[in-house]
Amino acid sequence: MQAVALRSVAQGPGLHSAITRTPNEFIVEARNTRDERVPSGGDVVKARITGPGPTTVMTIHDLGDGQYRVTYTAPAPGSYQTLITLNGEPIMGSPFRFTALVPEADPAEIQAEAAGCVQIRRRET
């Protein structure tokens, strides 16, 4: 059976939130009129992400089983909108909104150096 955009869905962590300057992803699942996943690929899936900063880097990979992996990078923190279409029609729930956040720093990876800084170490007794 042929894929129907209004029955098709998107899911995954990158659909509702993202970390800036790092790959995020979600899956688009093509479904038929019976709400079953289409067993093969070949549909035309497109995604357009708009938000603060320049257009995001995006790839769409046909997994060959009715699923399509969308990978993108949000360049700046803020609110974004994702329009996903299958064969030229919006899928169920599209457009989606998400927020991109700056990654949290790992204290173990932070190093700071500056001229005039003095390093103080606790004396072991």
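Predicted model: local features only at pLDDT ≥ 70, side-chain atom pairs only at ≥ 80, totals over all residues.
**Notebook: a nine-strand chain**

Residues are numbered from 1 along each chain as its sequence is written, and side-chain values use heavy atoms, with hydrogens and water left out.

**Entry 1: the overall plan**

I counted 0 helices and 9 strands in the protein chain. Helices (H or I, at least four residues) and strands (E, at least two) are DSSP runs, numbered from the N terminus. Read from the N terminus, the order is β-β-β-β-β-β-β-β-β.

I then looked up burial, where buried means under 20% relative accessible area, exposed over 50%, and partly exposed in between (1.4 Å probe, protein chains only). The chain has 125 residues, and 31% of them count as buried. Its accessible surface is about 8,400 Å², with 51% belonging to carbon and sulfur atoms. Those areas come from the Shrake-Rupley method with a 1.4 Å probe; for residues, only the protein chains shown count as cover.

Contacts came next (heavy atoms within 4.5 Å). Among contacts with a separation of 6 or more, 62% are between residues 24 or more positions apart.

**Entry 2: β3 and its partners**

Which strands pair with β3? Two strands pair if DSSP finds at least two bridges between them. I found β1 (residues 9-11) joined to β3 by 3 bridges, running antiparallel. β6 also pairs with β3 in the antiparallel sense, over 6 bridges. In that region, Glu29 stands opposite Gln67 in β6.

I checked how covered β3 is: 5 of its 6 residues are buried.

**Entry 3: the aromatic rings**

A pair of aromatic rings is described by the distance of the centres and the angle of the planes. For the count, rings of Phe, Tyr and Trp (its six-membered ring) pair if their centres lie within 6.5 Å; planes under 30 degrees apart count as stacked, over 60 as edge-to-face and the rest as tilted. That rule gives 3 aromatic pairs.

One of them is Phe26 with Tyr72, a tilted pair at 6.2 Å centre to centre and 55° between the planes. Phe26 sits in strand β3 and Tyr72 in strand β6, 46 residues apart, so I noted it as a link between distant parts of the chain. Phe26 has a relative accessible area of 1%, so I marked it as buried. Tyr72 is at 1% too, and therefore buried.

Tyr72 also pairs with Phe98, again tilted, with 5.4 Å between centres and 50° between planes. This pair links strand β6 to strand β9 across 26 residues. Both Tyr72 and Phe98 are buried. I wrote down one aromatic cluster made of Phe26, Tyr72, Tyr80 and Phe98.

**Entry 4: the nonpolar core**

A nonpolar core is a set of buried Ala, Val, Leu, Ile, Met, Phe, Trp, Tyr and Cys residues joined through side-chain atoms within 4.5 Å. The largest one has 23 residues, and those with the most contacts inside it include Phe26, Ile84 and Phe98. Elements giving two or more residues to this core are β3 (24-29), β4 (45-50), β6 (67-73), β7 (78-86) and β9 (96-101).

I followed Ile84: beyond four places in sequence, its contacts include Ala10, Phe26, Val28, Ile91 and Ser94.

**Entry 5: two serines**

Ser94 lies in the loop between β8 (89-90) and β9. Is Ser94 buried or exposed? Ser94 counts as buried because its relative accessibility is 17%. A polar atom of the Ser94 side chain lies 2.9 Å from the backbone nitrogen of Ile84.

Ser8 lies in the segment before β1. It has a relative accessible area of 0%, so it is buried. The Ser8 side chain reaches the backbone oxygen of Val4 at 2.8 Å. Beyond four places in sequence, Ser8 contacts Glu29, Ala30, Arg31, Leu86, Ile91 and Met92.

**Entry 6: Ala100**

My last stop was Ala100, in strand β9. Ala100 is buried, as its relative accessible area is 1%. Its contacts beyond four places in sequence include Ala18, Thr20 and Tyr80.

Terms used: Polar contact = N/O pair within 3.5 Å; in protein donor to acceptor, adjacent residues only side chain to side chain.
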